[in-house]
Amino acid sequence: MRQRNRLAIAAVLTCTAALTAGCGGSSTNEPSAALEGRGPITFVAGKDEENVNPKIVEAWNKAHPDEQVRFIELSSSADDQRQQMVQNAQTKSDAFTVLDLDNVWTTEFAANRWISELPREQFGVDKFVPTTVETSLYRDRLYGVPATSDGAMLYFREDLLAKAGVQPPTTWEEMRQACDKVLALPEAAGMSCFAGQYEKYEGLTVNFAEAVHGAGGVVTDPNGKPQVNTPEAKRGLDALVEGFRAGTIPRDAITFKETETRRAFMDGKIVFSRAWPNQYSHAAKNDGSSGVAGKFDVAPLPGVAGPGVSSLGGHSLAISAFAKNKATAVDFIKFATAPEQQRLRLDQGSLAPTLSELYDDPSMQAKYPYLPLLKKSIEGAEPRPRVIKYGEVTDVIQEHVYAALRGEKPSDQALADLQARLQELTGQQ
Amino acid sequence: MTTEAETAAVPTSGQARGPRRRRSPQAAAAARLAGVLVSPTLLVLGLVVVYPIVAALRQSLFTEGQGVDADGFVVEGEQFTGLGNYADVFAGPAAARFWNAVWNTTFFTTTTVVLEALLGVVMALIMHRAFRGRGLVRASVLVPWAIPTAVSALLWRWIFASDGVVNAMLGTQVLWSADGAPAKLAVIVAEVWKTAPFVGLLVLAGLQVIPRDVFEAARVDGANAWQRFAHITLPLVRPALLVAVLFRMLDSLRMFDLPFVLIGQQKGSVETLSMLAWQEATNVRYGPAAAYATIMFCYVAIVAFAFVKLLGADLLGEARSQARTARKPGKAVA
């Protein structure tokens with residue numbers, strides 16, 4: 001019996017070895033720096049709610065019968081998108097040509113030579129909001145063309161603030177005082193002051209960075225060195241910790257992602273909320289789903305001594321280093337980031353553009369009244385840490401900040417621990 | 001290749017086990033044919049089972065390049081580290097996290113499997129009774145099992161939300177999805193809800209093969225309901241129950257999607273071994289990820305082996321002998 005088993009295993013192993021040897025001979029694509037070759041390519045992006053990307057691809061394909069673009073739609077989960085793109089790069093496959101990269105991945109992809117450097121002068125990036133271009137650079141070289149952007153705003157209950165006779169706050173202190181007055185109103189019974197996103201996920205990194213930047217600190221300095229063990233960073237984190245302790249931020253906000261914050265705001269449970277622009281159209285809906293339609297407005301995020309600093313969101317288009325027909329890919333990126341396509345994204349998908357001029361367009365402003373404010377938010381926004389191991393960096397930020405917010409660790413201890421881990425991960429001692 | 005397959009496929013019956021030379025030409029031909037017929041299966045098994053295991057084992061002995069050159073590019077290439085990844089897992093800076101994950105995995109497996117076995121038996125007993133609407137009950141019990149885990153985890157996330165149904169019903173303000181003991185409870189409830197029907201179904205199948213006359217005889221002898229359950233139902237349904245428990249144990253030892261979706265990533269109170277492996281892999285650290293996966297594989301294998309040895313030593317034998325006794329009377333009649 002045992003003898004037979006061993007022989008069976010041996011047989012299987014022989015077969016497998018023979019097969020893999022046969023497969024191993026296939027050619028792998030070596031990355032080439034030259035952006036040459038024309039022909040069919042693919043465009044890989046996550047699922048967007050309004051399906052704008054397929055429309056852009058369709059418009060391109062009509063005009064370029066010999067250089068067709070096939071759209072590959074990934075899931076809407078950012079983790080899944082990154083995983084698939086990394087896998088494509090690790091197998092050096094030419095299946096993906098143009099990648100729709102979240103701007104926090106640019107550094108990792110560029111440093112690993114998974115994406116090609118792009119000729120900066122060809123894409124007219126001077127017309128873009130400068131901060132969006134900054135996130136597409138690695139060591140001062142361009143690796144992607146920003147296609148969409150995102151900046152946070154402070155949503156507030158205009159009706160309640162007017163009734164309490166207070167102006168929209170520009171600092172955290174003013175916001176607390178405004179809350180004291182608003183929450184004393186009988187209409188505001190049972191409401192809390194403020195909420196952002198504090199669940200343990202990417203949103204926590206975003207909110208933490210905003211708190212630190214709003215207090216005059218940095219997460220990583222211009223040389224990429226972590227600097228979170230500073231009095232400024234502590235003041236920023238303490239603002240959140242104190243908010244939870246004093247109840248300014250409701251206790252259950254520790255479970256909030258974007259959807260939960262939005263629901264709390266739309267159900268009239270909070271006076272102020274930190275959110276991306278997409279909350280605007282949801283909250284403004286008149287179909288009964290929102291309890292605050294016509295009762296809210298937006299303002300810049302508050303900070304310690306003046307307006308705060310948003311974390312920068314957004315995606316850029318990059319070319320996989322292992323792809324074929326890169327000349328076509330360059331043209332497609334130019335097409336997809338041109339004013340007409342950016343307008344289409346804004347108009348139909350309410351995705352923030354990267355071109356400055358679109359924010360000043362009167363017809364767009366009529367549809368999205370928050371555009372001038374959003375432009376300011378994005379112009380003053382700070383990118384999240386631009387590090388090669390962003391995935392691990394954001395994980396350790398979440399781990400330590402979450403512990404501090406839940407009161408499991410004093411904030412200075414959390415920041416000291418975080419600083420040590422970040423130094424390890426960025427290789428800077 | 002042919003000779004190996006041939007020897008691999010010696011018929012299982014007792015007579016063929018003698019020395020090879022005495023085998024008749026017909027038997028040899030039959031064996032060869034059997035080998036040819038079985039080889040595609042072996043090939044597929046080799047490709048989808050053996051190869052990935054060997055590849056993972058190999059991968060777990062390497063680490064990815066971590067350095068950066070003068071131009072800021074990552075230095076490519078894997079380095080052989082021997083058992084370095086395993087040493088890191090057991091004694092490195094992340095060791096506490098690993099042992100916590102082992103504890104969580106074991107804790108979830110023990111609690112959920114015990115609860116599922118109890119509930120499953122109760123469900124099976126109910127479904128086994130003849131009553132009006134039995135078909136409906138049987139079908140509805142299976143609904144949780146039919147829902148994909150990720151979807152049911154989403155459902156439960158809403159139920160356990162801070163303003164969700166559970167808090168409303170209990171009148172509490174518990175933050176179930178935050179890190180902590182409530183998160184563990186939430187995972188256990190959702191897991192038991194989802195998989196108890198599976199145990200129920202397998203036990204029901206076991207119940208249905210118990211002849212009715214055994215119960216009637218017991219009743220005539222004056223055994224009460226509990227005695228009938230403890231001395232007849234349970235022993236006779238034991239093989240089916242053990243198979244169900246074994247399956248559930250192997251399944252919940254690699255629990256991933258439920259805590260991942262219901263509670264979230266990196267929550268120490270619900271982090272399991274699979275989640276650790278995933279976390280490493282998603283950060284492009286395939287060596288450590290493979291090490292975690294290999295350790296989990298060994299853990300699962302040991303648990304399964306121990307379970308079969310201790311509790312179900314005659315698990316397969318019993319099933320076989322039952323099948324044989326069931327077949328014999330049939331033959332006699334024929």
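Trainee: How are residues and chains labelled, and which confidence limits apply?

Mentor: Residues are numbered from 1 along each chain as its sequence is written, while chains are lettered from A and ligands numbered from 1 in the order in which they are written. Because this is a predicted model, local features need pLDDT of at least 70 and side-chain atom pairs count only at pLDDT 80 or more, whereas totals for chains, interfaces and linings use all residues.

Trainee: Which residues of α7(B) are buried, and which are exposed?

Mentor: A residue is buried if 20 or more other C-beta atoms lie within 10 Å of its own, exposed if 12 or fewer, and partly exposed in between, with C-beta atoms placed from the backbone. In α7 of chain B, residues 149-159, the buried residues are Ser152(B), Ala153(B) and Trp156(B). They cover an arc of only 105° around the axis (the arc of the directions from the helix axis to the C-beta atoms), which puts them on the same side of α7(B). Val151(B) and Trp158(B), on the other side of α7(B), are exposed.

Trainee: Is Val214(B) buried, exposed or partly exposed?

Mentor: Val214(B) belongs to helix α10 of chain B, residues 212-220. Val214(B) has 13 C-beta neighbours inside 10 Å and therefore counts as partly exposed. From Val214(B) to Arg228(B) there are 14 residues in sequence, and their C-alpha atoms are 9.4 Å apart in space.

Trainee: What does UniProt list for chain B?

Mentor: UniProt positions are given in the numbering used here, feature names are shortened, and annotations may be inferred rather than shown by experiment. An unreviewed UniProt entry annotates residues 102-307 of chain B as "domain: ABC transmembrane type-1". In the model, that span is 78% helix and 0% strand, with its end C-alpha atoms 18 Å apart. Under "transmembrane region", the unreviewed entry lists several stretches of chain B, including residues 30-54 and 139-159. Residues 30-54 of chain B are 100% helix and 0% strand, and their end C-alpha atoms lie 32 Å apart. For residues 139-159 of chain B, the values are 86% helix, 0% strand and 23 Å between the end C-alpha atoms.

Trainee: In what order do the five strands of the open sheet in chain A stand?

Mentor: Two strands pair if DSSP finds at least two bridges between them. The order is β2-β1-β3-β11-β6 in chain A, and the pairing is mixed. Strands β2 (69-74) and β6 (145-150) of chain A are at the edges with a single partner strand each, so one side of each is left without a neighbour in the sheet. From one strand to the next, the twist averages 20°. β1 of chain A, residues 41-46, pairs with β2(A) in the parallel sense over six bridges; Phe43(A) has Phe71(A) as its bridge partner in β2(A).

Trainee: Where does helix α2 of chain A lie?

Mentor: Axes are lines fitted to C-alpha atoms, for helices over the stretch in contact, and angles run from 0 to 180 degrees between N-to-C directions. Helix α2 of chain A (residues 52-63) lies across β1 and β2 of chain A and runs at about 170° to β2(A).

Trainee: Is Asp150(A) buried or exposed?

Mentor: Asp150(A), in strand β6 of chain A, is buried, with 22 other C-beta atoms within 10 Å. Beyond its neighbours within four places in sequence, its contacts include Trp276(A), Pro277(A) and Ala352(A).

Trainee: What is the mean pLDDT of chain B?

Mentor: pLDDT is the predictor's confidence in each residue, from 0 to 100. Chain B has a mean pLDDT of 85, and 87% of its residues reach 70 or more. Over residues 329-334 of chain B, however, pLDDT is below 50, and the model has zero contacts for this stretch beyond near neighbours in sequence. Where pLDDT is low, the predicted coordinates should not be read in detail. The model scores ipTM 0.80 and pTM 0.84.

Notes. Helix = DSSP H or I, 4+ residues; strand = E, 2+ residues; numbered from the N terminus. Contact = placed C-beta atoms within 7 Å.
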